[in-house]
Amino acid sequence: MSSTTPARWFADTGWRHLLGVLAVAFALFPLLYIVSVSVNPTGTLTGSNQLFRAFDLANYEKLLSNPNQPFLAWFANTLVIGVVTSVATVFLGALAAYAFSRMRFTGRRLGLMTLLLVQMFPQFLAVVAIFLLMVGISDVFPAIGLGTHIGLIMIYLGGALGVNTFLMYGFFNTIPTSIDEAAKIDGAGHARTFFTIVLPLVIPILAVVGLLSFIGTTSEFVIASIMLTDPESQTLAVGLYSLISGFQSQNWGVFAAGAVIAALPVMLLFLFLQRYIVGGLTAGAVK
């Protein structure tokens with residue numbers, strides 16, 4: 001019977017446990033700190049250095065009751081924009097990925113390379129152009145121009161379509177084309193093959209893209225801040241920033257309370273999609 005010494009166990013597997021504990025502590029500390037600040041009535045960061053030194057829900061009450069800070073409107077705007085953008089991103093990206101994966105046409109390779117290259121440029125380069133474009137659109141179609149949620153969603157869709165199409169394209173290629181050929185023999189067209197056969201097989205990548213799109217949309221600040229100037233139409237990222245953007249602002253406690261509530265939809269969506277993501281990636285690996 002062989003015996004393992006503590007030093008040998010640590011050299012083989014113990015260091016992995018230590019590394020995992022350090023990674024969890026590094027990830028949890030910011031979360032604990034922001035929750036601690038949100039329940040600290042002092043409202044300052046320097047007075048909250050000791051975690052959970054005080055417990056009071058005054059910051060949450062102030063956040064939800066101040067008429068000059070329409071937090072519930074920001075929350076609803078963020079959910080609507082995030083959900084609509086995520087669903088549309090997944091649908092449009094899946095259509096484009098299916099076309100690039102299954103069809104052969106002139107410019108296919110050039111289109112894929114263009115999608116990849118465009119994503120290498122940071123989004124900040126397009127802010128001025130987007131603002132001027134939306135000002136021009138506002139003069140012709142005010143309903144989708146500057147200050148509208150539809151206009152902001154259209155900007156998000158244009159920016160997210162490239163990288164998500166490329167991600168889906170790689171996963172679509174793992175689906176055997178023989179499935180499509182069998183469907184064609186049975187009389188199915190491209191639309192029927194796409195909606196009833198291919199889409200159920202690529203649910204994992206749809207879940208991943210939907211989750212990433214929702215997280216990116218709900219936390220995006222730069223474009224939302226120039227698009228939405230009316231406090232009633234702003235998103236959580238823009239609205240919460242206004243709480244701490246003033247000179248010597250003392251609203252850190254209220255800001256922390258808003259940040260905690262803003263994290264709830266993302267966390268719930270991740271927990272809901274987790275089984276699809278993990279199970280789907282495992283199935284995709286052995287496909």
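Guide: A salt bridge is a side-chain nitrogen of Lys or Arg within 4 Å of a carboxyl oxygen of Asp or Glu. The model is predicted, so local features need pLDDT of at least 70 and side-chain atom pairs count only at pLDDT 80 or more, whereas totals for chains, interfaces and linings use all residues. Residues are numbered from 1 along each chain as its sequence is written, and side-chain values use heavy atoms, with hydrogens and water left out.

Visitor: How many salt bridges does the rule give?

Guide: The count is two. In one of them, aspartate 180 meets arginine 102, with the closest N and O atoms 2.8 Å apart. Aspartate 180 belongs to helix α7 (residues 177-185) and arginine 102 to helix α3 (residues 71-102), so the pair ties together parts 78 residues apart in sequence. Helices are DSSP runs (H or I, at least four residues), numbered from the N terminus.

Visitor: Is aspartate 180 buried or exposed?

Guide: Buried means under 20% relative accessible area, exposed over 50%, and partly exposed in between (1.4 Å probe, protein chains only). Aspartate 180, at 5%, is buried, and arginine 102, at 16%, is buried.

Visitor: How is a pair of aromatic rings described?

Guide: One gives the distance of the centres and the angle of the planes. Rings of Phe, Tyr and Trp (its six-membered ring) pair if their centres lie within 6.5 Å; planes under 30 degrees apart count as stacked, over 60 as edge-to-face and the rest as tilted. The structure holds nine aromatic pairs. Among them, phenylalanine 194 and phenylalanine 195 have ring centres 5.0 Å apart and planes at 80 degrees, so this pair is edge-to-face.

Terms used
Helices (H or I, at least four residues) and strands (E, at least two) are DSSP runs, numbered from the N terminus.
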